[in-house]
Amino acid sequence: LLSKGDSTQLDAILISNSSLASCGALPYVVGVLGCNVPIYATLPTVKMGRLTHYDTFSARHKNGLVEPFPLDAVDNTFETITPLKYSQHVQLRRYRGPSQAEETSPPETSEEGTVCVTPHPAGHLLGACYWHISAGETDDILYALAFNNKPERHLPCVNFDKFQRPAALITSSRNALTSVSRKQLDQFFFDTIVQTLRNNGNVLIPTDTAGRILEIALALSQRWAATNLSLYPIVILHDVAFRTVEFAKSLLEWTNETIIHQFENTRENPFHFKATKSDS
């Protein structure tokens with residue numbers, strides 16, 4: 001845990017994805033604790049992370065809860081993040097000012113005290129990454145807390161093949177014991193929804209602001225188009241729903257090849273959900 005003054009112990013901050021688990025405390029660390037070090041994330045993580053904070057701030061305010069940081073801290077913090085592309089290398093040195101971190105090619109050898117960080121696709125969320133952290137020729141560390149090892153409708157799966165023997169893998173045990181197949185989960189998901197709707201019920205699916213909601217909305221949109229369910233409207237309902245979908249439409253290069261080829265062949269954006277309304 002950080003407190004005021006502890007930021008001198010940091011050289012950089014790496015953000016893996018747009019979830020609150022990954023970047024939820026960032027405005028507090030920067031805006032309240034005064035941490036002033038380079039921050040790196042992919043472009044979708046910057047865009048969707050900001051929307052996630054907007055939505056969370058609004059929801060807490062409506063429920064009478066006080067945020068630990070002002071809304072301005074969200075904008076100020078996300079403006080300072082350096083957006084990276086996948087496989088873009090950044091060499092870090094002991095932080096003493098903005099000029100100490102610079103984009104670079106992967107060094108054949110690293111000077112003492114320098115570290116090269118590189119984001120790679122992790123699946124799970126749009127723009128999510130795992131970090132390859134290298135120091136020298138043999139010290140390879142993979143930081144991969146949230147990833148998906150199976151391809152999805154709009155995202156590729158994670159690929160660790162290029163790092164066969166890293167010195168360390170930092171990961172999470174979440175879902176380690178999950179044994180149900182994706183096909184079984186999808187079938188249960190759709191069967192439950194359709195049965196509820198045809199029994200004159202409504203279905204509410206609590207989800208995140210700008211992450212897994214895209215996979216869920218795409219899955220429902222495809223199922224609605226393939227079956228006779230157009231009678232039942234789909235609504236994405238939160239304070240930044242419209243902007244979430246619009247951002248997703250502009251970030252197709254971060255999706256999988258299926259989505260990209262579909263757009264190239266039909267010129268129809270897969271995130272233009274015909275059966276879905278985005279209400280804010």
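What percentage of the 280 residues in the protein chain do buried residues make up? Buried residues (under 20% relative accessible area, with a 1.4 Å probe and protein chains only) make up 40% of them. This is a predicted model, in which local features need pLDDT of at least 70 and side-chain atom pairs count only at pLDDT 80 or more, while totals for chains, interfaces and linings use all residues. Residues are numbered from 1 along each chain as its sequence is written, and side-chain values use heavy atoms, with hydrogens and water left out.

**Overall make-up**
- The protein chain has eight helices and 11 strands, taken as DSSP runs numbered from the N terminus (H or I, at least four residues, for helices; E, at least two, for strands).
- Of the contacts (heavy atoms within 4.5 Å) with a separation of 6 or more, 69% join residues 24 or more positions apart.

**Helices α3 and α4**
- The axes of helix α3 (residues 43-62) and helix α4 (residues 71-79) come within 10 Å and cross at roughly 175°; axes are lines fitted to C-alpha atoms over the stretch in contact, and angles run from 0 to 180 degrees between N-to-C directions.
- The crossing makes α3 roughly antiparallel to α4, a term for angles over 145 degrees.
- Residues in this contact include Tyr54 and Phe57 of α3, and Leu71 and Phe78 of α4.

**Cysteines**
- The structure holds zero disulfides, a disulfide being a pair of cysteine sulfur atoms within 2.5 Å.
- Cys23 is buried, at 1% relative accessible area.
- Cys157 is partly exposed at 30% relative accessibility, that class lying between under 20% and over 50%.

Note on methods. Angles under 35 degrees count as roughly parallel, over 145 as roughly antiparallel, 65 to 115 as roughly perpendicular and the rest as oblique.
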